[in-house]
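Please open the structure in a viewer and keep the sequence beside it.

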Amino acid sequence: MKKVPIKIKVNGDWRELAVSPGDRLIDILRDQLDLTGTKEGCGEGECGTCTVNLDGKAVLSCLILAAQADGCTILTIEGLQKGSKLHPLQKAFVSEAAVQCGYCTPGMIMAAKPLIENEPEINDSKIRQHLSNNLCRCTGYDQPVKAVLKASRERKENNDV
Amino acid sequence: MTGYLQIEEYHRPQDMAQAVDIFSRFRNSARVIAGGTDILPKRPGVKRIAHIDHLVDISDLDLDYLKTENGHICIGAAISINRIAESPLLFSSAYDALSEAANAHSTTTIRNRATIGGNLCNASPCADLALPLLVLDAILVAAGPEGKREIPSASFFKGPNYTALNNGEILKEIRIPLCHEKTGTSFLKLRRHQTAIDMALVNVATSLTLEKERCKAARIALGSVGPIPFRAKEAESLLTKAKFNNEVIEKAASKAAEEASPIDDVRATAVYRRKMVEVLVRRSLEKSLKRCGQ
């Protein structure tokens with residue numbers, strides 16, 4: 001087996017790694033970079049728990065080989081907070097009680113982030129469509145949808161990132 | 001650490017010649033990978049893709065374009081399905097079926113990575129993007145050790161997970177002839193729970209071209225109701241030259257249902273699927289007709 005050298009920008013820092021050709025992005029995020037905020041659920045693209053942002057787009061880190069991410073910019077849940085300041089999505093998920101066991105939350109938030117940044121006219125049905133790849137087994141979906149709506153409004157009002 | 005999947009080597013060729021060379025060198029033990037969304041989730045629990053030791057990533061071959069050239073819409077095989085769904089080039093009644101199929105495919109998160117070439121080469125009987133390409137008379141361009149080759153979409157699918165691509169051949173481009181006539185197309189998909197992630201129970205694409213209020217050409221493609229996505233040619237022939245009314249459309253829809261060969265599985269029964277072919281074909285034809293010349 002031939003190791004693959006890769007260079008990826010994770011949460012703002014360039015990292016150089018040697019990965020196995022069969023490693024997925026989630027494997028190196030969790031096991032090599034200790035970024036365990038990203039969770040693995042089904043491992044086959046159905047549940048959305050492992051969602052991260054790759055070059056600004058929501059993607060499933062269980063369906064990308066680490067080698068394929070070479071040269072890319074990756075944002076995980078750990079990269080959202082600025083110092084002690086939570087991202088509007090994180091704040092809204094707390095205030096709207098959209099977190100119960102918390103396992104799906106990082107994926108939900110990372111799926112919602114490109115949506116609230118790129119979609120000027122956000123509404124309930126757009127959010128539901130956008131989060132249709134993210135399963136939650138505790139709260140149902142009303143609270144997460146409300147949280148995304150709230151974060152989007154807050155972001156607009158504060159012109160926040 | 002040996003990695004999640006047991007793969008000997010990951011290749012990232014920088015041009016098509018290199019890609020074809022690597023792919024033909026390893027032949028049956030190599031697979032092309034682009035988005036990876038069909039390859040990586042295979043066989044849960046079994047961490048090996050059957051007999052595959054080499055992955056050839058075609059992401060650096062600049063196959064992510066969608067443009068008009070020489071009377072065709074040319075689509076690079078490695079373009080993401082979301083980019084097809086969002087492309088203004090396809091916002092026209094003649095190509096609606098392709099936009100609709102791209103939007104109906106899985107979820108937006110998966111579509112950020114999944115490619116049109118992957119959807120075709122995986123050759124699932126329920127491949128959403130196969131159906132609009134069948135009704136649009138698309139041509140698939142493959143690159144291989146012997147050079148380029150054009151394959152009509154109607155002869156591309158050979159069986160479940162089996163295509164007309166030869167050993168060492170890589171799908172490069174999809175070409176759709178530009179349409180200058182009064183044509184309307186449409187795509188419809190029925191899922192078990194109507195959740196985005198589920199695959200189709202039945203999916204259908206249709207195309208109608210009108211001339212002097214009569215049908216000049218009709219295309220009906222059916223998915224998930226046979227070993228491959230295919231055209232219901234007998235149903236099409238009932239429409240050709242016909243003047244449209246409800247009766248003609250209903251006859252064609254019921255003929256299409258006869259041409260289907262659905263099976264029972266966990267998602268639905270064969271009887272239900274056949275009935276739904278009739279419903280979806282009728283609705284899709286009505287939609288295509290409304291869109292003609294719009």
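Two residues are in contact if their C-beta atoms, placed from the backbone, lie within 7 Å. This is a predicted model, in which local features need pLDDT of at least 70 and side-chain atom pairs count only at pLDDT 80 or more, while totals for chains, interfaces and linings use all residues. Residues are numbered from 1 along each chain as its sequence is written, and chains are lettered from A and ligands numbered from 1 in the order in which they are written.

**The contact between the chains**

Display both chains and select the residues at their contact: 28 come from chain A and 27 from chain B. On the side of chain A that touches chain B, strand β4 (residues 57-60) of chain A gives the most, with four residues. Helices (H or I, at least four residues) and strands (E, at least two) are DSSP runs, numbered from the N terminus. That side of chain A comprises eleven nonpolar, ten polar and seven charged residues. Here Ala, Val, Leu, Ile, Met, Phe, Trp, Tyr, Cys and Pro count as nonpolar, Asp, Glu, Lys and Arg as charged, and the others, Gly among them, as polar.

**Chain A**

The C-alpha atoms of chain A fill a box of roughly 50 × 30 × 25 Å along the principal axes.

**A sheet in chain B**

Turn to chain B and select β1 (9-11), β2 (30-33) and β3 (residues 54-57). These three strands form an open sheet in the order β1-β3-β2, with parallel pairing; two strands pair if DSSP finds at least two bridges between them. The edge strands are β1 and β2 of chain B, each pairing on one side only. Three bridges join β1(B) to β3(B), and His11(B) stands opposite Val56(B) in β3(B).

Which residues does Val277(B) touch? Not counting residues up to four places away in sequence, Val277(B) touches Val202(B), Leu222(B), Val225(B), Ala256(B), Ala257(B) and Ala260(B).
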